[in-house]
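Let's take a walk through this structure together, one contact at a time. Have the model open beside you and follow along.

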Amino acid sequence: MREFLEVYEENQDKVDYFLQESLRNIGRLSSHKRINFAQLFNLFPSLELVYIVDKNTKHQTSDDIYKNKTDDRGKDKDRSHLISKLELKNNHIAFSKPYISSATRNNCITVSIKEDDEIIFLDFRLDILLEKLNLIELHKPFHAMTRSFYLFVGFSMITLAVITILFSLYDFVLYLFQNQDIKLEFMFKPIIALTLGMAIFDLAKTILEQEVFFKSYAKSSRVETKMITKFLITIIIALSIEALIVVFKIAIDGYEEMINALYLISGVSIILVALAIFVYLDKKKK
């Protein structure tokens, strides 16, 4: 879905111009209230919701009007938070940024049109709007399959992260009760498992937010940079702990294998340097 947002941002002027001129050619929208804006729904396949707010009281005066139904749950609600964010162009029309509609759970943009003391809000579904303007080619079955796959993978990773953490804690508690001779290296094992579980959870959370639930519409490059940085830091911490365990174990058993610990520490250092270069280049690019 990030691709839809990127396409919209690249063609925002065209999309806004199309909607503005199309709605202007229709004339006064308030004349369509008596038939629940049926003509608008026929003209705009991407239109999914219409409602009206009184400019003075800032309360919704109409039902939530959909193409094939109406819903009175939104009527009389305070919409002052919407009015305060409006930046009306030519004192009569405003365009929102893309967001997730609380009513339909679809990604959309809202066009707000002021007519007398009323402001008419029209929610347009973003993917259908871009498709109708020939800016994207939307294959709905494939899109649904892709979203379902990301949903399955994301929750599977979260499940595995939880299982990894619980199993490591169970194994650690079992070890404490079954062994009188507690070794230092076994104290670090749960820490490594907890660290890796956290890294897997963060990766799954990012996948679900960006590909399924769309919690954040931040610029994708920044989100991906943050995700890669957090993941690599977590891996570096886990490997550093493992290297520390190896050093302790070799120091106790004999120094003949210390070169292996050096190899592991060198590998961690290379990853750390690579991460530092990546962060530096990313900041320089901005």
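Start at Asp116, which counts as exposed at 54% relative accessibility. (Buried means under 20% relative accessible area, exposed over 50%, and partly exposed in between, with a 1.4 Å probe and protein chains only.) The side chain of Asp116 meets that of Arg28 in a salt bridge, 2.8 Å from N to O. This pair links distant parts of the chain, with Asp116 in the loop between β6 (107-115) and β7, and Arg28 in the loop between α2 and α3, 88 residues apart. Arg28 itself is partly exposed, at 42% relative accessibility. A salt bridge here is a side-chain nitrogen of Lys or Arg within 4 Å of a carboxyl oxygen of Asp or Glu, and by this rule the count comes to 5.

Before going on, a word about what you're looking at: this is a predicted model, where local features need pLDDT of at least 70, side-chain atom pairs count only at pLDDT 80 or more, and totals for chains, interfaces and linings use all residues. Residues are numbered from 1 along each chain as its sequence is written, and side-chain values use heavy atoms, with hydrogens and water left out.

Another of the salt bridges joins Glu21 to Arg24, whose closest N and O atoms are 3.3 Å apart. These two are 3 residues apart in helix α2 (residues 12-26), so they are separated by about one helical turn. Arg24 is partly exposed, at 44%. Then there's Asp127, which forms a salt bridge with Arg125 at 3.0 Å, N to O. Asp127 is buried, at 2% relative accessible area, while Arg125 is partly exposed at 26%.

Now for the rings. A search of the whole structure turns up 3 aromatic pairs. (Rings of Phe, Tyr and Trp, the last by its six-membered ring, pair if their centres lie within 6.5 Å; planes under 30 degrees apart count as stacked, over 60 as edge-to-face and the rest as tilted.) One of them is Phe44 with Phe124, edge-to-face, at 5.6 Å centre to centre and 80 degrees between the planes. Phe44 lies in the loop between α3 (38-43) and β1 (47-54) and Phe124 in strand β7 (residues 118-125), so the pair ties together parts 80 residues apart in sequence. Phe44 is buried at 6%, and Phe124 is buried at 0%.

Tyr51 and Phe121 make a stacked pair, because their ring centres are 5.1 Å apart and their planes at 5 degrees. Tyr51 sits in strand β1 and Phe121 in strand β7, so this pair ties together parts 70 residues apart in sequence. Both residues are buried.

Finally, step back. The chain has 9 helices and 7 strands, taken as DSSP runs numbered from the N terminus, with helices (H or I) of at least four residues and strands (E) of at least two. Of its 286 residues, 37% count as buried.
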